[in-house]
Amino acid sequence: MQVFKNSNLVISIFIAATIAIFSMGSAHSASLEVSDCAKCHDQQPAEIDANGASHKTEIDCQACHASHRPKVENNIPSCNDCHEGADHYAVDNCLGCHNPHQPLNVKLAGELKAVCVSCHSSPAKEMEAAPSKHETFACNFCHADTHGVIPECVECHSPHSETMTQQNCGSCHQAHQPLTLTYSATTASVLCASCHETAYNKLTSSQAKHSQIACVTCHADKHKTVPQCSDCHGQPHAPGMHNKFPNCGDCHNIAHDLNNWPAEAK
Ligand code: HEC
Ligand code: HEC
Ligand code: HEC
Ligand code: HEC
Ligand code: HEC
Ligand code: HEC
Ligand code: HEC
Ligand code: HEC
Ligand code: HEC
Ligand code: HEC
Ligand code: HEC
Ligand code: HEC
């Protein structure tokens with residue numbers, strides 16, 4: 001019966017080995033898997049699922065939360081474990097703006113400037129180059145609440161006249177340099193009229209050809225530029241005459257209201 005005994009032994013060894021393998025198996029299944037997290041935590045898996053962005057597609061819970069209490073006291077990662085090397089990753093208080101489970105739903109609280117400049121350097125440079133009261137504000141004084149929002153000037157300021165709208169502000173002002181007044185060759189004269197009513201009324205009621213010319217054709221590019229008549233006309237009369245009467249206005253009156261001589265008077 002040696003054979004039986006031996007075969008019993010073989011069977012016992014087989015059973016023991018099987019049990020050992022099974023118990024190894026069950027020891028393995030006792031370790032925490034990503035699929036387990038949702039059994040106890042509702043909120044974070046739901047947030048990641050809806051808005052996890054790269055934190056959903058590129059990594060999983062355990063890439064950030066290695067192990068768990070009570071085995072480890074602290075399983076909360078630092079953002080800089082994975083994000084390093086850009087100016088933006090050196091700012092303080094990542095969690096003040098980012099929820100790690102919905103990293104792109106950025107919340108903008110407090111008065112922010114340095115952190116915006118970590119990605120947008122040109123607005124701050126523009127502001128420093130031409131200081132104004134706007135420069136003294138936090139970026140999110142205007143770009144409030146949600147990242148990327150652009151406010152309208154008229155949310156805070158009244159237009160210069162009743163006919164002027166938000167669409168017009170940009171023809172003379174830049175948001176980050178509001179005191180640098182420039183305008184293009186297509187800026188309508190009626191926009192200047194909101195502050196220069198007299199000039200506008202004189203010019204538009206004049207019979208002379210200047211009345212067909214836009215304000216910005218003569219007062220070009222930059223506010224308060226005043227042209228010389230000779231910029232456009234040179235010295236049109238005989239040299240002796242210009243020497244004797246150096247001011248064009250002595251005969252022609254002002255540019256907005258040129259004397260309109262009848263043909264026979266000429
Ligand atoms: C069996 C239930 C259970 C499972 C499964 C579970 N947790 Fe927890 N988790 C808890 C409890 C309970 C706490 C609170 C522990 C405490 O306050 O000491 C907790 C706390 C945490 C914390 C907070 C730790 C801190 O310092 O505040 C994190 C992070 C966490 N779990 C992540 C995970 C992740 C990731 C998974 C999946 C890999 C997971 N948990 C699976 C029950 C669970
Ligand atoms: C990109 C890294 C990252 C990923 C991925 C991540 N977490 Fe977190 N988690 C954090 C950080 C950081 C905190 C600490 C948040 C805080 O203090 O406001 C945290 C906090 C927690 C907490 C504690 C409760 C709380 O909100 O403070 C739980 C529970 C948790 N995470 C579970 C999960 C689960 C479950 C997953 C996967 C579905 C997951 N986390 C994925 C980084 C991550
Ligand atoms: C375990 C590594 C890891 C940790 C810790 C981590 N991240 Fe990430 N995060 C990634 C990876 C990988 C990406 C995708 C590639 C990239 O943008 O660098 C990413 C992308 C992001 C994105 C862009 C998301 C997108 O889809 O464009 C933001 C925002 C972000 N992380 C913020 C944070 C913040 C804030 C923390 C700390 C609370 C943090 N991350 C912690 C790995 C991590
Ligand atoms: C004051 C708010 C604020 C703080 C603080 C902040 N961020 Fe951001 N972060 C943003 C904004 C706004 C974006 C742009 C989001 C977008 O493109 O929609 C961003 C984008 C990112 C991105 C994705 C774009 C990229 O550069 O890859 C990562 C990663 C990121 N932040 C990581 C961090 C880390 C790490 C910290 C802390 C060291 C941090 N952030 C602190 C506001 C903040
Ligand atoms: C991590 C880098 C990052 C940070 C930090 C960041 N931004 Fe952005 N921002 C971007 C990117 C990328 C875009 C989209 C691309 C673009 O239009 O330039 C954007 C777009 C914008 C836009 C819209 C631009 C347009 O033309 O429509 C505004 C306004 C803006 N950001 C303001 C801010 C302000 C204010 C802050 C600080 C509270 C900030 N950003 C922080 C990267 C960032
Ligand atoms: C007084 C309000 C105000 C302040 C303060 C302000 N902005 Fe703006 N910003 C605007 C307006 C209005 C626009 C739209 C300009 C346009 O359409 O010509 C704009 C445009 C932008 C844009 C998109 C176009 C561009 O110029 O690149 C970015 C990015 C931006 N701002 C970032 C910033 C940052 C960063 C700060 C802080 C350093 C800041 N802004 C401060 C009002 C403001
Ligand atoms: C969120 C509100 C806000 C927005 C949007 C805004 N401003 Fe202002 N702006 C102000 C405040 C506040 C002042 C300072 C007023 C004061 O002290 O009298 C100011 C001042 C100014 C000044 C005078 C600057 C100085 O230094 O004296 C000009 C010009 C101006 N804004 C034009 C604009 C234009 C043009 C826009 C749109 C491109 C705009 N603002 C958008 C709030 C705003
Ligand atoms: C045709 C050019 C022009 C347009 C268009 C224009 N502005 Fe002005 N704005 C000026 C000039 C010039 C000044 C400076 C006046 C001065 O020196 O007193 C000024 C001054 C300002 C000031 C500061 C002084 C004050 O009145 O409080 C604000 C604010 C302002 N503009 C807002 C706006 C807004 C908002 C719009 C769009 C609705 C706008 N501007 C459209 C030319 C313009
Ligand atoms: C918001 C009001 C405002 C608007 C709009 C405005 N101006 Fe003026 N402008 C002024 C003020 C204020 C002065 C200074 C008056 C003074 O010095 O007596 C001025 C002065 C001038 C001067 C005279 C400079 C000098 O040496 O006497 C010219 C030229 C001028 N503006 C042209 C224009 C033109 C062209 C436009 C339209 C593109 C325009 N302005 C729009 C307010 C404005
Ligand atoms: C930006 C250019 C420009 C400036 C500056 C300018 N003019 Fe003219 N002027 C014109 C144009 C264009 C005409 C029309 C020519 C035509 O249609 O034949 C004109 C026409 C005239 C005429 C003929 C008027 C008529 O109705 O027949 C006189 C006179 C004149 N300008 C005098 C002046 C005087 C004086 C000044 C200075 C106070 C001046 N101009 C400044 C461009 C200018
Ligand atoms: C043909 C060129 C021309 C046109 C068009 C023109 N101007 Fe003038 N403007 C001048 C000249 C030249 C002066 C200097 C005074 C003079 O010699 O007549 C002047 C002076 C001014 C002044 C300062 C002195 C004053 O009269 O208050 C203002 C303000 C002004 N212009 C605004 C305007 C506005 C607003 C418009 C459009 C409605 C306009 N100008 C159209 C050429 C022009
Ligand atoms: C002594 C008076 C006087 C002075 C000074 C004077 N003009 Fe004249 N100008 C006239 C008379 C008169 C006419 C009309 C004669 C004609 O149609 O030939 C005239 C005509 C013009 C015309 C219109 C020509 C045409 O073909 O319609 C222009 C342009 C002109 N002047 C520009 C100027 C400029 C620019 C100056 C200064 C540099 C100036 N004038 C100085 C008397 C003068």
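**Exercise 1.** Which element gives the largest share of the shell around ligand 6?

*Solution.* This is a predicted model, in which local features need pLDDT of at least 70, side-chain atom pairs count only at pLDDT 80 or more, and totals for chains, interfaces and linings use all residues. Residues are numbered from 1 along each chain as its sequence is written, while chains are lettered from A and ligands numbered from 1 in the order in which they are written.

Step 1: find the neighbours. There are 17 residues around ligand 6, and C116, P123, C139, C142 and A175 come nearest; a residue is near a molecule if its C-beta atom, placed from the backbone, lies within 6 Å of it.

Step 2: assign them to elements. Two or more residues each come from α7 (114–117), α8 (121–129) and α9 (139–142). Helices are DSSP runs (H or I, at least four residues), numbered from the N terminus.

Step 3: With three residues, α9 gives the largest share.

**Exercise 2.** Describe the shell around ligand 10.

*Solution.* Step 1: ligand 10 is surrounded by 16 residues, the closest being A208, K209, C229, C232 and C248.

Step 1: α13 (215–218), α14 (229–233) and α16 (249–252) each give two or more residues, and α14 gives the most, four.

Step 2: sort by type. The shell holds nine nonpolar, five polar and two charged residues. Here Ala, Val, Leu, Ile, Met, Phe, Trp, Tyr, Cys and Pro count as nonpolar, Asp, Glu, Lys and Arg as charged, and the others, Gly among them, as polar.

**Exercise 3.** How many helices and strands are in the protein?

*Solution.* Count both kinds: the protein has 16 helices and zero strands (E, at least two residues).
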